[in-house]
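Please read each point with the structure in view.

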Amino acid sequence: MRELDLQQHLCKAAIAAGGFGFKTANRFILGVADLFVQLPAYPGVWVEVKLRHGAPVRGVAKLGLTKHQGAFILAMHQA
């Protein structure tokens, strides 16, 4: 399994549950969350997917947001 496969699975699962999933592209910035997932009745979260030997790495880390991600969150709350 690749990281992109897992990200696509998360987006499809969120949409199937009535939520929202959106993958951004941060090709030149490492360690920045690039997947936004929101389920009904819950706030959205930015997710950084990491795999080790084809298996997801479990853990939670505080991630910084880029200027564009902050603008995206602001726009989502104003809509």
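1. A helix, as the word is used here, is a DSSP run of H or I with at least four residues, and helices are numbered from the N terminus. Ile15 belongs to such an element, helix α1, which covers residues 3–16. The model under discussion is a predicted one.

2. On the overall plan, the chain contains two helices and five strands. Followed along the sequence, these elements come in the order α-β-β-β-β-β-α. Of the 79 residues of the chain, 22% count as buried. The accessible surface of the chain is about 6000 Å², and carbon and sulfur atoms account for 62% of this surface. Where contacts join residues at least 6 apart in sequence, 39% of them link residues at least 24 apart.

3. The strand pairing deserves attention. Strand β1 (residues 20–23) pairs with strand β2 (residues 35–38) in the antiparallel sense, over four bridges. Strand β2 is also joined to strand β3 (residues 45–47), again antiparallel, by three bridges. Val37 in β2 illustrates both pairings: Gly21 stands opposite Val37, and in β3 the bridge partner of Val37 is Val45.

4. As for Pro40, its C-alpha atom is separated by 9.7 Å from that of Ile15, although 25 residues along the chain lie between the two positions in numbering.

5. Which residues make up the largest nonpolar core? This core has seven residues: Leu6, Cys11, Ala14, Leu35, Val37, Val49 and Leu51. Helix α1 and strand β2 each supply at least two residues of the core, and α1 gives the most, with three residues.

6. Gln7 touches Lys23, Asp34, Leu35 and Val49, leaving aside residues up to four places away in sequence.

7. The aromatic residues form the last topic. A search of the whole structure finds three aromatic pairs. In one of them, the ring centres of Phe20 and Phe22 are 6.4 Å apart and the planes lie at 10°, so the pair is stacked. The reasoning rests on two cut-offs: centres must lie within 6.5 Å for rings to pair, and planes under 30 degrees apart count as stacked. Both residues are partly exposed, Phe20 with a relative accessible area of 29% and Phe22 at 34% relative accessibility. Phe20, Phe22, Phe36 and Trp46 together form one aromatic cluster.

Definitions and conventions: Residues are numbered from 1 along each chain as its sequence is written. This is a predicted model: local features need pLDDT of at least 70, side-chain atom pairs count only at pLDDT 80 or more; totals for chains, interfaces and linings use all residues. Side-chain values use heavy atoms; hydrogens and water are left out. Buried means under 20% relative accessible area, exposed over 50%, partly exposed in between (1.4 Å probe, protein chains only). Contact means heavy atoms within 4.5 Å. Accessible areas come from the Shrake-Rupley method with a 1.4 Å probe; for residues, only the protein chains shown count as cover. Rings of Phe, Tyr and Trp (its six-membered ring) pair if their centres lie within 6.5 Å; planes under 30 degrees apart count as stacked, over 60 as edge-to-face and the rest as tilted. Two strands pair if DSSP finds at least two bridges between them. A nonpolar core is a set of buried Ala, Val, Leu, Ile, Met, Phe, Trp, Tyr and Cys residues joined through side-chain atoms within 4.5 Å.
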